Amino acid sequence: MFGLPRTGQSSRVEPPSRGIDPAGVRPEGGGPGSPVPAPTRVIRLDDILAKVRAYAPDADLDLVKRAYVFGERAHSGQLRHSGEPYFTHPMAVADILADLQLDIDSIAVALMHDTVEDTGATLDEIGRYFGPDIAEMVDGVTKLSKLDYRSAEEHQAENFRKMILAMAKDIRVILVKLADRTHNMRTLEHMREVKQRRIAQETLDIYAPIANRLGIQSLKVELENLAFRYLHPEQYEKIAAALGSRQAEHERLIRHSRELLVQRLAPHHPGCAVSGRLKHLYSIYRKMLEKRLEVDDVSDLVAVRILVEDVASCYGALGVVHSLWPPISERFKDYIARPKATGYQSLHTTVIAEGGGRIEVQIRTHEMHAFAEYGIAAHWRYKEGHLALTPEEIEKFTKLRQLLQWAEQIPDSREFLDTIKVDLFADEVYVYTPKGEVRWFPKGATPLDFAYSIHTDLGHRCVGAKVNGRLVNLAYSLESGETVHIQTSASQKPSRDWLKMAVTSRARQKIRQYLQAEEKEKARELGRGVLERELKRYDVSLGRVTKDGTLEKVAGDLKVGAVHDLFLKVGYGRLDPERVVQALVPDERRVPKEQAQEQEARGLQALIRSLQRKRAGSPVRIDGTDNMLVLFAKCCRPLPGDPVVGYISRGRGVVVHSSDCSQALQADPERRLDVEWAKNTDTLHPVQIRVVTLDQPGVLANLTHAIGKLKINISKADVRTTHDQRGIITFEVLVKDVAQLVIVQNSLEALKGVISVQRVRGGS
């Protein structure tokens, strides 16, 4: 499973978490989850080797040493944006992986992961010197050439696709990439601001969720905090300043609660450890958005963690906690009895401490804590430093690998990226089959997702479900703990509306395949009918030219494939039926018609020229052609600067969508056209932005004044207030492109009383 070698087992050194920490307060500066990156330190090869030797004492460290020499020579003379020697980066990546206690193959790959992309080294060389497994891992983290891609967005999507599919073969590929991204984020201050924001957004959208899915909380927290720092610097500084002003208060609360817990737990749980910390900045920011709070209104900023020897002690410690402070019952979570899909286990409870402050308490075993920090790497076994998984450990990856294999069937890279975000990164619910088996789904999953997870035919025939004995419809959102029994009908078949109900890649792909097959059949019948009608005008039988092989020869000459492909292309409008007629009907029989068509073509060309004059300066180029008549989709309202894609629609011409638009992703890929924004156009585009503010005097005036100062026109405005003293103002403004929109958003975010500013997709 995952292509990992299975050569035996050896014991793994547990992280040093035993005993009660005398300080008990986790330092915030420089550690995982810290608001700021740790100060740069010089990493030496001996440091990395010492870490590896601690958890894999029988490892052949010569492999790491040889990779060090190879990488250092390959990057010789190269510098990073910071001015440091480039090889400091691979060394830092290897050091992060050593902290995660990965095997020596992964450490070696880290030291060479940029050599193929950024130096003259080749995969063949790496394969000769280090073997095919390491070469394949290096290839998995190597970006693709930019030469073959129509847009930066498609290039990014295809790079991510390559990495994920490599991960399906060997899970270590993604761990190397996570370490690579973590160090890049730690040193992001040396990049230009526009690149900082792009990399930070990608980190928040893709890499932090991957770390979470793999259970590696230390990296997930650090990536989120660093991305937050660059995406929302004002909010970041505001929260950091507020926490700093209350630091003494928080430290007293942590120290007091820890002393009470140690006093009560130590006599009965001698192997326990108690520590406290403040919640990390990004989690506080998310809570502020979700609950519409100011930072001073967030009450549960303090978290305490208790580590004990076994599961029974977890529940014993929970009793002690609840005897010290009253719990908030709706905030209790038992992830030991029902682990998260990632395998995470812990007891979570929130209690009301002295003075009314809230404390979140997490209780878990040392082994559970190792898994929470290291995720899937927590229990790997090594022989001579190489990874050697047991069958039980392999089984843990089955579901993840299955998700990746389902997504692999999606041909379009941008759709793949959109789908994998749902399958891998969404919050999850668990439900039971009628036989009591547990199945996990993204939050919002429906009976359709459940049915398709069992069998394609069951999904196609699904009409509803019984959930805990009561009938529900196809759009019902499943909740954790429910038992689902699918109801079917022989006459049922998928419809396009199903794509709006299903959320998993498997269900959506199966529905889309069915619809595309059905639509292709209709298009073939349409194409066949069109050709039959055109040929009949010349007294030519379509059946005869099909039967005697003439039409098959024409299909070959036109390079469209087989006869059924020819019908399909005519039906879709991709092949002019007149070209087929010309190949089948002698010239002398087509003269009168050609003359008529010539007149028609001249009239059509004149009309096109007239329309193009009216639309001179169109902001869109289709297949390299300017001034084309297009429609901009109202479902996503694309702006210049957004990655876009065009689709041929029946009766409306070319409709331009944002490339991540859900409606565009549902459309037939065969109708897609390459679309790009034309340069130097002055066209203004309407776009909606929603501003959430405190409900206080003068806010609206400040917002409109800020927009006016930027010389941006407001075409519409909608203002309403909520019951929790918030104002929601939706503006429609006219902007030239995404860059101008970002300037507007940043200006509004900086105003006092503004909670959030978001672009609104869709609308009338």
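Visitor: Which residues does Val298 touch, not counting residues up to four places away in sequence?

Guide: Val298 touches Arg246, Lys287, Met288 and Leu293. Bear in mind that this is a predicted model.

Visitor: Where does Val298 lie?

Guide: In the loop between helix H14 (281-291) and strand E2 (302-308). Its C-alpha atom is separated by 9.9 Å from that of Gly357. Along the chain, Val298 and Gly357 are 59 residues apart.

Visitor: Why does Val298 count as buried?

Guide: Its relative accessibility is 3%. Buried means under 20%. Therefore Val298 counts as buried.

Visitor: What makes a set of residues a nonpolar core?

Guide: Its members are buried residues of the nonpolar kinds, joined through side-chain atoms within 4.5 Å. The largest such core has 79 residues. Val52, Ile107, Ile134, Leu178, Met185 and Ile239 have the most contacts inside it. Helix H10 (residues 193-213) gives the most to this core, with eight residues.

Visitor: Which residues is Leu178 in contact with, leaving aside neighbours within four places in sequence?

Guide: Tyr207, Ile210, Ala211, Leu214, Ile216, Leu219 and Leu223. There is also a second, separate core of 27 residues. Val274, Cys314, Leu318 and Val351 are among them.

Visitor: What is the phi of Arg637?

Guide: Positive, about 50 degrees, although Arg637 is not a glycine. Most residues other than glycine have a negative phi. Arg637 is found in the loop between strand E14 (630-632) and strand E15 (644-649).

Visitor: Is Arg637 buried or exposed, and why?

Guide: Buried. The cut-off for buried is under 20%. Arg637 has 10% relative accessibility, so it counts as buried.

Visitor: What is the phi of Lys711, and where is its place?

Guide: Phi of Lys711 is near 60 degrees, a positive value in a residue other than glycine. Lys711 sits in the loop between helix H30 (699-709) and E20.

Visitor: Why does Lys711 count as exposed?

Guide: Exposed means over 50%. Lys711 has 74% relative accessibility, so it counts as exposed.

Visitor: How do you know that strand E20 and strand E21 pair?

Guide: Pairing needs at least two bridges. E20 (residues 713-721) and E21 (residues 726-735) have eight bridges, in the antiparallel sense. One of the bridges joins Asp718 to Thr730 in E21. Thr721 has Gly727 in E21 as its bridge partner.

Visitor: How many residues stand between the strands of this hairpin?

Guide: Four residues lie between E20 and E21. In this hairpin, Gln725 takes a positive phi near 65 degrees.

Visitor: Which strands form the open sheet, and in what order?

Guide: Four strands form the sheet, in the order E20-E21-E19-E22, with antiparallel pairing. On average, neighbouring strands are turned by 20 degrees against each other, direction ignored.

Visitor: What makes E20 and strand E22 (754-760) edge strands?

Guide: Each pairs on one side only. E22 is joined to strand E19 (residues 685-694) by six bridges, and the two run antiparallel. The cut-off for pairing is at least two bridges. E19 and E22 therefore pair. Arg690 stands opposite Gln758 in E22.

Visitor: What makes E22 mostly covered?

Guide: Six of its seven residues are buried. For each of these, buried means under 20% relative accessible area.

Note on methods
Residues are numbered from 1 along each chain as its sequence is written. This is a predicted model: local features need pLDDT of at least 70, side-chain atom pairs count only at pLDDT 80 or more; totals for chains, interfaces and linings use all residues. Side-chain values use heavy atoms; hydrogens and water are left out. Buried means under 20% relative accessible area, exposed over 50%, partly exposed in between (1.4 Å probe, protein chains only). Contact means heavy atoms within 4.5 Å. Axes are lines fitted to C-alpha atoms, for helices over the stretch in contact, and angles run from 0 to 180 degrees between N-to-C directions.
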